[in-house]
Amino acid sequence: MDIAQTASLALTAILANKLRSFLTILGIVIGVMSVILLISLVTGLQTYITKQIQGLGANLLFVIPGRIGGARSPGGVQANRLIYQDAVNLKTKLSAEAEVSAAIQRNATLKNGSKIDRGVAIFGVEANYPKVISIKITGGRFFRESEQESTKKVAVIGPTVKTNLFVDTEALGKQIDVAGLKYTVIGVIESRGSVFGIDFDNSIYIPFSTAQKQFGIDRLNTIYISAKDSETVVEVQKKAIQLLKKRLSDDEFTVQTQQQTLSTISQITSVLTLALGGIAAISLIVGGIGIMNIMLVSVTERTREIGLRKALGAKPKDIRNQFLIEAVTLSSLGGLIGIILGIGIAFVIGRFFTTAVPLWSIALSFGFSMLVGVVFGVAPAIRAAKLDPITALRYE
Amino acid sequence: MNIVSLKNVNKIYQTGEVSFQALKNINLEVKIGDFLAIIGASGSGKSTMMNIIGLLDHPTSGSYILDMQDTSHLSQDNLAALRNKKIGFIFQSFNLLPRTAALEQVALPLIYAGVPKLERANRAREILEQVDLGEKLNSNPNQLSGGQQQRVAIARSLINNPQIILADEPTGNLDTKSGMEIMKIFNNLHSEGKTIIMITHEENIAQHAKRRIRIKDGEITG
């Protein structure tokens, strides 16, 4: 008895109990759907972040305090020792091959009259920031070197801040209250969007010196280094490390290229994919138990049929295959529906977040659902194959 | 020539401490073309005998030679193949598959014989026409009368051109008229040279057979 025949027989048996079959495969459907959906979300997130980071500008290096990718010291979090003098050193020594820009960051509440915007990221950056990081100004301008030197209270604001504080009215030239001090809005930047509700547009840029003065910070959050030539990125990284080492120890700073940052992110999302996929896979196993349960019921219900088939010449392996293929057909059907639903929902969600359904996630979840059918179908199938034809024929 | 030959066959059922001897020293020979009725009351051992002849069960001791082949040491797969090719079963309760068209019921043994689909359908149609069911090819069992269902079962038993037709109370679930129809088919099959072994407890049904043996308490009494 060949596979195609057995499969069509299985399909007939499945269709004979439509509601029951549907409920049986629901577990698999939900499992496969969640696998596809979660992977598509994480992949979309990764694609988005990658694009964002790449969008910051090519040839970019980040100097950040502390050590990334190494073992942490037993003392826990290292104190930040990165100061503006480090940035100045890099600027002088690397002036020929790179642009260097220091940045600090605080969160604060902004006000415009009665309108309040809380938890806004305040970036204190240097006037050369747009040369290092690509940001687009949609109205007005970025601040100048002279404004930074004279610690002018000017601000370039993100679109969310604009909306929260000015709604539809003009923001340029207006004053806003940043943690108690008045700043003049001189520019608005283009939207960068949000990921999982983290709004990158709820931020403002003010001169570095002004930020230091207002918030009393002398430790830097980041020094951006933009190599002038993509060929020299690694060399610039080496030089920067050597220069910083003169004052700082190894574990007090990290110089990362954009490539390294991307690979760090891809490591994080891989772990995320694995964890979320694993959780979804558990629901596939639960679905498998459902299939096993219904197959055992089916074997009992069809005991007489099994006996008759044996009397008519079915070999034990024919009976085993019949039930095994029925289980696999059930689970694959569930997998198929799950894939369609998963892709559909990912598509709908894709209108709000970036989602991407990689082919491997489809292959993986379908393969896994078939495997579930085999694993959980074997026991009922063997039970059917072992039935004694006489007892089976007499079974009422 | 003998098609079935039982020699000193005993069958003992052992349930825990209790043992029950269903067949006692049975010797039976059936020649090709014979029409034999095995007559006995319920519990006489006639069903056990039928199961052994049909290779659904094996004797506790003694030997069963089917078509000159000793069946004592055959594997499950070999037994299945022999049942498929050499024996056509007809049951008291028809034993048709639910929700399955007559044509597919009759073709079922051919699936296990590895016959291709088109040939299966052709042969099944032919045999169904022989039992006057040419109009009912696509009917499910619940659309057929008892007599028609049993005729589907007879067609199914004949499809693989077996050497023995083994019928267990073939008229037990039928009214007299339908029963007579079935017996008429059996007589025709017999006149065509088929070997038929029929088990029954009804004397008037047994009268249709060419030869009769009686069984009581696991022993052949005459």
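1. Ile186(A) sits in strand 7 of chain A of this predicted model. Ile186(A) is buried, because 22 other C-beta atoms lie within 10 Å, where the cut-off for burial is 20 or more. Setting aside neighbours within four places in sequence, its contacts are Gly140(A), Arg141(A), Phe143(A), Val154(A), Ala155(A), Val156(A) and Leu172(A).

2. Strand 7 (181-189) of chain A is also part of what covers the buried residues of helix 7 of chain A. Strand 2 (98-112), strand 3 (115-125), helix 5 (145-149) and strand 10 (203-207) of chain A are likewise included in that cover. The residues concerned, in a helix running over 208-215, are Phe208(A), Thr210(A), Ala211(A) and Gln214(A). Viewed down the axis of helix 7 of chain A, its buried residues fall within an arc of 160°, so they line one face of the helix. After helix 7 of chain A comes Gly216(A), which has a positive phi, near 60°.

3. Helix 3 of chain A, residues 84-94, has Asp86(A), Ala87(A) and Leu90(A) as its buried residues. These cover an arc of only 100° around the axis and are therefore on the same side of helix 3 of chain A. In general, an α-helix has 3.6 residues a turn, so residues three or four places apart point the same way. The other side of helix 3 of chain A carries Gln85(A), Val88(A) and Thr92(A), which are exposed. The packing partners of the buried residues of helix 3 of chain A are strand 2, strand 11 (222-227) and helix 8 (233-245) of chain A.

4. How far apart are Ile186(A) and Leu90(A) in sequence and in space? The separation is 96 residues in sequence and 29 Å from C-alpha to C-alpha.

5. On the overall form of chain A: its secondary structure amounts to 13 helices and 12 strands. The radius of gyration of chain A is 31 Å, well over the 21 Å given by the globule rule for 396 residues, so chain A is more spread out than a compact globule. The C-alpha trace of chain A spans about 100 × 50 × 40 Å along its principal axes. Of its 396 residues, 40% count as buried. Taking the contacts in chain A between residues at least 6 apart in sequence, 84% join residues at least 24 apart.

6. The domain assignment divides chain A into domain 1, made up of 3-50 + 265-394, and domain 2, which covers 100-219. The C-alpha centres of domain 1 and domain 2 of chain A are 53 Å apart.

7. In chain B, four strands make an open sheet, ordered 2-1-4-5, with antiparallel pairing. Strand 2 (18-31) and strand 5 (69-70) of chain B are the edge strands, each pairing on one side only. Strand 4 of chain B, residues 61-66, is joined to strand 5 of chain B by two bridges. Ile65(B) has Asp70(B), in strand 5 of chain B, as its bridge partner.

8. The contact between the chains involves 18 residues from chain B and 16 residues from chain A. On the side of chain B that touches chain A, helix 2 (76-86) and helix 3 (102-112) of chain B each supply at least two residues. Helix 2 of chain B gives the largest share of that side, six residues. By type, the residues of the side of chain B that touches chain A comprise 10 nonpolar, four polar and four charged.

Conventions:
Residues numbered from 1 in each chain as written. Chains lettered and ligands numbered in written order. Predicted model: local features only at pLDDT ≥ 70, side-chain atom pairs only at ≥ 80, totals over all residues. Domains from an automatic or database assignment. Pairing = 2+ DSSP bridges. Buried ≥ 20, exposed ≤ 12 C-beta atoms within 10 Å, placed from the backbone. Arc of directions from axis to C-beta. Contact = placed C-beta atoms within 7 Å. Nonpolar A, V, L, I, M, F, W, Y, C, P; charged D, E, K, R; others polar. Rg over C-alpha atoms; globule rule 2.2 N^0.38 Å.
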